[in-house]
Structures are given as C-alpha cells and as structure tokens.
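The structure is shown first, and the description follows.

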Amino acid sequence: MGPPTKTNRAISQDAFDELVKENMEDLGMDPTEALQDAIDTLTLQGVDLSGIVTCVPGEGNAGDNPVILCLNRLKELESVSNDLFTSNDMNEILSLFGKLIEVCSSEGSGNSAIAVKNGGVQLLCSICSKIPTECSQVLVSALKTLALLLYDVSSTEIFRSSSGPTILVSILKGGSESLDILECGFTVLAAAATGNEILKESLMELKTDELILQVLNAQSKGSVQSVYDAIRVLLTPDDNRVVASQVYGYARRFAKIGIAGALVESLHGGLTSPSLVSASIALKAVAVNDEICKSIAEKGGIDAVLRCIDDSGEQGNKLVAKTCCSLLSKLAGSDSNKSTIVEKRGMDKLIQLSARFSDDPSVLQEVMPIITVLCLRSPDNAARAIEAGAGELAIQAMQKFPASQLLQRNSCFMIRNLVARNPENRTLLLSQGIEKIVRRAKENHETCKEAATDALRDLGLDNYNS
C-alpha cells in the first residue's frame, strides 16, 4: 500500500475506542453511528487515523484484528526465545509471517499501517536478528513482511532506531549464498532508504556499496533484481527534509569501487538479460559526472546501449527502447561521448528507432533529448542529425501528436539546437513549414512557451516573442 495521508496529529487506539464509547454512552448514538461520527470528527480535526482499527463496538475489538493477533503471538514467541527459537517456534513463526504477508499485501486495507502502529517494525527487526541464515525460508518470510511495513518516513525512522540497518547488512553478509535472502534483503534496503537521507547515510557507513558490488560480480550464479532497485534508491535525492543530499558523493564512490563497470557488464546480455531495464536505470543513477560517463564508455557501455536500442526496435520492445534512450541521453552529456555516439552511427540508429516506433510518442520523446544533447554547441553534429532525418522526425512527430505536451516541448528543444549554429538547417526547416508547427505548440501548451520561443528565435524569426 502507499503511504497514508500526512496529517499533523495522531491518536492512540485506546483514545479512539474511548471516543466511540463516549458517543454511545453520553450521546446515545447507536454503535454504527458512534463509529462513523468518531471517524468524521477526527478526520475534520486533521487527525491521522492510519494504523487505527476501526470497528463497531460489540462486533469485535482491536484485539481481534488479524494483524494484531499475529503480532501479539509473535511478541510472545520472541519474548521467551532467549535468542534461540525452537523448531516448533520456527514453524509457527513461518505461518504467522504468511498470514501477515497476506493481509498486509491487500491494497487499501490499511493493515501495514496497523502493524507499524502496533510495534510491527521493531518486532520484525528483533526477530530477524535471531533467525539463523540456515533457516532461509523463515528469514525470507520475515524480510518479505518487513518490506511491506516500510512505506513512509515514519516507518523507516522506526526501522533505523531499531538497529534495522545493522541487522539487515548482517543478514545480507551472512546470506550471500542464498539468492532468496539477497533478493528479499535488498528489497527491504530499497524500501527503507526511500525518502530517508539519514538511513541512506547509515547504510553507506555500513559499506553497503561493497555488498552491492559483491552481488553484481556474482550474478553468474543467478540474478538478484532488487539490487538494482537498491542502487537507484541509494543514489536518489528524495528526502525533502534535507537541503543538500549526499547521494552525488555516493555515486562517485559506487563508480570508484567498480559498480559502474559491473553494471555495464549487466547490459552486455542485451534483451536476453532479465536485468537489462533495471541495470540501465541503476547505471543512469551512477553516471553523475563527466568522468564517470567517460569511464562507462571506455568499458563498452555506449556499444552495449546502442546495440540494445537496435534490438529493442527490431523486437518492438518499448520499455527497453525508452530506458536505453534515457541512459544514452545521460551518457551523451560528456563531450567525448558525443563524438563516440556519432562515430558509432548513433544518429542513424536513433532515427531508425523513431521510424519503428513512429506511432508511439512515449518513445519519440525519449529520442529527441539525445539528439538535442548531441547537437549542443556542435554544428557538425547538427548537420549530421539533419542528414540522418532529425528534421523530418520533429515535423512529423509534432504534426502527428499535437496533444503530447512533452513531445512538443522536446521537439522545440531539439529544433533549437539543430539550427542555433547551422544557418543551412534553419533555411531547410523553415522551407518545410516548421514555423507554423512551433507556433501552434507555443499557443496550445503553456509548458512549451519558453522552448518554442527559443526555437523561433534561433530559427532567425524577428517576431519570435509574439
């Protein structure tokens, strides 16, 4: 489930139950009316009711909720374990985790919030620390359950304060031979680090990057898909509580120890690799500066991406096409990489891909930013792009998909760079009616106004601001 609506106030289960009881006893409401009035009143007051079990008195109580029943039994088992569960305990724990996974996976049920509100995260961390890696089935179920409870900053902060990062890294190290443990462990890591800069820092201090590299280098033994999600999350500045994120430094650290190179290896499998899309997204997150982008090219990254772009067009794989175009656009930010992409017939491959997906604006709008970057301050590349068919791409796409705002905007950016330093391109595109098309985009889409104005100006038109 997604995170609950953020509010300013919280309430305990006991306080909620007492309010319903007062509605019945003091105001004479029937049970159903008393419950609904309590919910409505508290909601209007901005109280966060996530994690509260709402039920009609007399038809059950909070203690009868399946989530709380499971948690209470797990607490009993955990409290008498003395750091060692018996085989019977393990069997029961496995069954209880199965029930929790089932009820907490139900979208919109609010059961994950109920579990968090009733100490589920702390309990899961404690139990995970006591399950030996040899009991992989139980440990995997515990990790799957924990991942379902980490859905917002509040829950991940509980995880952090419950020694969650240390316990998790210990499990990943101890379970490095089990693909299931690694898969579920990195799923927990990604969930925990999402939107939480402090937790990212804690995980990096525990040298999670070295664990990630170890897993990537051992991918011949089997694929761990969640490791790519972990890379992406650790390198995403998504915590609005901090002014300056440290993820840029983490990306440089990832590249320095060899993670960028290992991700490039993941691309060489092409469309036959189940991790191609995830690895491409992760590699884009690592490619944060010119030096790293160049190193990726030196390791064959551009060759691999261009080959995947070719294959995606031949096989009609839209997802791979968009993902690889997005990665190539990032890599093209390095001036030396621009030359490499053009020398390897990158322009032609991109125009060919556009022809194959000519009916899909979501792919076309990913192609255009690459050509835009390749042509930036490069008249030679702009000339090459026009030869390859970039002008026709802009005109045909803008005419065919007038309602696609992002495509229209990206087209305007591309047109500007095609003509900014190439008067001959300017003349050619104007003769093909580009002015009218760009003006229509400017008039129809607020998000296109600035880009369209710049394109009209660089096309040499005096009334570009009108």
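Helices here are DSSP runs (H or I, at least four residues), numbered from the N terminus. The model is predicted, so local features need pLDDT of at least 70 and side-chain atom pairs count only at pLDDT 80 or more, while totals for chains, interfaces and linings use all residues. Residues are numbered from 1 along each chain as its sequence is written, and side-chain values use heavy atoms, with hydrogens and water left out.

Helix α10 covers residues 179-193 and α13 residues 226-234; they pack at an angle of about 20 degrees with axes 8 Å apart. Axes are lines fitted to C-alpha atoms, for helices over the stretch in contact, and angles run from 0 to 180 degrees between N-to-C directions. The pair is therefore roughly parallel (under 35 degrees; over 145 is roughly antiparallel, 65 to 115 roughly perpendicular and the rest oblique). In contact (heavy atoms within 4.5 Å) are Leu 182, Glu 183, Phe 186, Thr 187, Leu 189, Ala 190 and Ala 193 of α10 with Ser 226, Val 227, Asp 229, Ala 230, Val 233 and Leu 234 of α13. These residues comprise nine nonpolar, two polar and two charged (Ala, Val, Leu, Ile, Met, Phe, Trp, Tyr, Cys and Pro count as nonpolar, Asp, Glu, Lys and Arg as charged, and the others, Gly among them, as polar).

## Packing of α22 and α25

Helices α22 (residues 361-375) and α25 (residues 405-419) pack at about 25 degrees, with their axes 8 Å apart, and are therefore roughly parallel to each other. Here too the crossing of α22 past α25 is left-handed. The contact includes Leu 364, Met 368 and Ile 371 of α22, and Leu 407, Phe 413 and Met 414 of α25. By class, it has eleven nonpolar, five polar and no charged residues.

Thr 372 belongs to α22. With a relative accessible area of 14%, Thr 372 is buried (under 20%; exposed is over 50% and partly exposed in between, with a 1.4 Å probe and protein chains only). Not counting residues up to four places away in sequence, Thr 372 touches Asn 410, Phe 413, Met 414 and Asn 417.

Helix α18 (residues 301-315) has 15 residues and reaches 21 Å from its first C-alpha to its last, close to the expected 21 Å (1.5 Å times one less than the number of residues). Its buried residues include Ile 302, Val 305, Leu 306, Ile 309 and Asp 310. Among the elements covering the buried residues of α18 are α15, α17, α19 and α21. Just after α18, Gly 316 takes a positive phi of about 65 degrees.

Arg 356, in α21, is partly exposed at 39% relative accessible area. Leaving aside neighbours within four places in sequence, Arg 356 is in contact with Asp 310, Gly 313 and Glu 314. Arg 356 and Glu 314 are 42 residues apart in sequence, with 7.8 Å between their C-alpha atoms.

Most residues other than glycine have a negative phi. Arg 345, in the loop between α20 and α21, has a positive phi of about 65 degrees; its 47% relative accessibility makes it partly exposed. Arg 377, in the loop between α22 and α23, has a positive phi of about 55 degrees and counts as exposed at 53% relative accessibility.

Technical notes:
Helix = DSSP H or I, 4+ residues; strand = E, 2+ residues; numbered from the N terminus. Left-handed = near helix turned anticlockwise from the far one by under 90°.
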